[in-house]
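Please view the model alongside the text.

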Amino acid sequence: MKKESIKEFLDKKTDQYNRPSFIKDDPVSIPHLFTQKQDIEIAGLFAALFSWGNRTTIIRKSKELMERMDMSPYQFVTQHTENDLQKLASFKHRTFKPADLFYFIEFLSLHYSRNKSLENAFCAGIGKKDKNVEQGLNGFRKYFFIYDHEKRTEKHISSPELNSSCKRLNMFLRWMVRNDCKGVDFGIWKNISPSQLICPVDVHVTRVAKKTGLLSRNKADWKAAVELTENLKQLDPDDPVKYDFALFGLGVSEKF
């Protein structure tokens, strides 16, 4: 497909999927249960990190965790007692076990004791002139694991340094950063530019991207995510990741 044809096609599909009706069947529905910024951040982080496998299960388990936190995740992580933590002792989602969850709660509690937003944890390593969020993601992983933790927990936070596509964290950043007033993404973070975001890459997005000539790399790794995003910038340099809606929708809903 020619560049003009691809842009026209993907713009149309982006408009089709980037609307409130998209929310209910997607993990982004979990942070949409809340209105307070910190609740949105915490709910969004867990929903994004749980996002592998069946979307119905992801949404169900994410909501279960929020319910165990009394539907007040920010209040829970900042004010919980040892007894409160027992509500989480039997929670697990695939390879995400109670030991992992307890460390996440500890990290979030300590972070919010010194910061008003989780944004600081990501944007500290990103400069205004940085091409993308690579250094921010690398910095976040290092910062996240500065406290004592089990080695197994490290698999739940990826980074470009490990050549991961960082699909789940990139999706979380899309939710927090993009602000197009369409009702899906929140746009509550202001220190990262939408032009610096990297498109989340999974098997569905990879398949569609290859079919449309936007991706040549076979492995869904960090290099593939960057290659795809750079090609999407040819279509919209200011907001390339909006096309995630089109690529994901075509892959999952239309089996393109």
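## α2 against α6

In this predicted model, helix α2 and helix α6 (residues 98-112) pack at an angle of about 150°. Angles over 145 degrees count as roughly antiparallel, so α2 and α6 are roughly antiparallel to each other. Their axes are 13 Å apart. The crossing is right-handed.

From α2, the contact uses Gln38, Glu41, Ile42, Leu45, Phe46 and Leu49. From α6, Leu101, Phe104, Ile105, Leu108 and Tyr112 take part. By class, nine of the contact residues are nonpolar, one is polar and one is charged.

## α2 against α9

Helix α2 (residues 37-49) also meets helix α9 (residues 167-177). Their axes come within 8 Å and cross at roughly 150°. That makes α2 roughly antiparallel to α9. This crossing, too, is right-handed.

On the α2 side, the contact is made by Ile40, Glu41, Gly44, Leu45, Ala47, Ala48 and Leu49. On the α9 side are Arg168, Leu169, Met171, Phe172, Trp175 and Met176. Ten residues of this contact are nonpolar, one is polar and two are charged.

Arg178 sits in the loop between α9 and α10 (203-211). Is Arg178 buried or exposed? Its relative accessibility is 1%, so Arg178 counts as buried.

The side chains of Arg178 and Asp239 are joined by a polar contact of 2.7 Å. Beyond its neighbours within four places in sequence, Arg178 touches residues including Asn18, Leu173, Asp185, Phe186 and Leu197. Val241, Lys242 and Phe245 are also among its contacts.

Key:
Residues numbered from 1 in each chain as written. Predicted model: local features only at pLDDT ≥ 70, side-chain atom pairs only at ≥ 80, totals over all residues. Heavy atoms only, no water. Axes fitted to C-alpha atoms, helices over the stretch in contact; angles between N-to-C directions. Helix = DSSP H or I, 4+ residues; strand = E, 2+ residues; numbered from the N terminus. Parallel < 35°, antiparallel > 145°, perpendicular 65-115°, else oblique. Left-handed = near helix turned anticlockwise from the far one by under 90°. Contact = heavy atoms within 4.5 Å. Nonpolar A, V, L, I, M, F, W, Y, C, P; charged D, E, K, R; others polar. Buried < 20%, exposed > 50% of the residue type's maximum accessible area, 1.4 Å probe, protein only. Polar contact = N/O pair within 3.5 Å; in protein donor to acceptor, adjacent residues only side chain to side chain.
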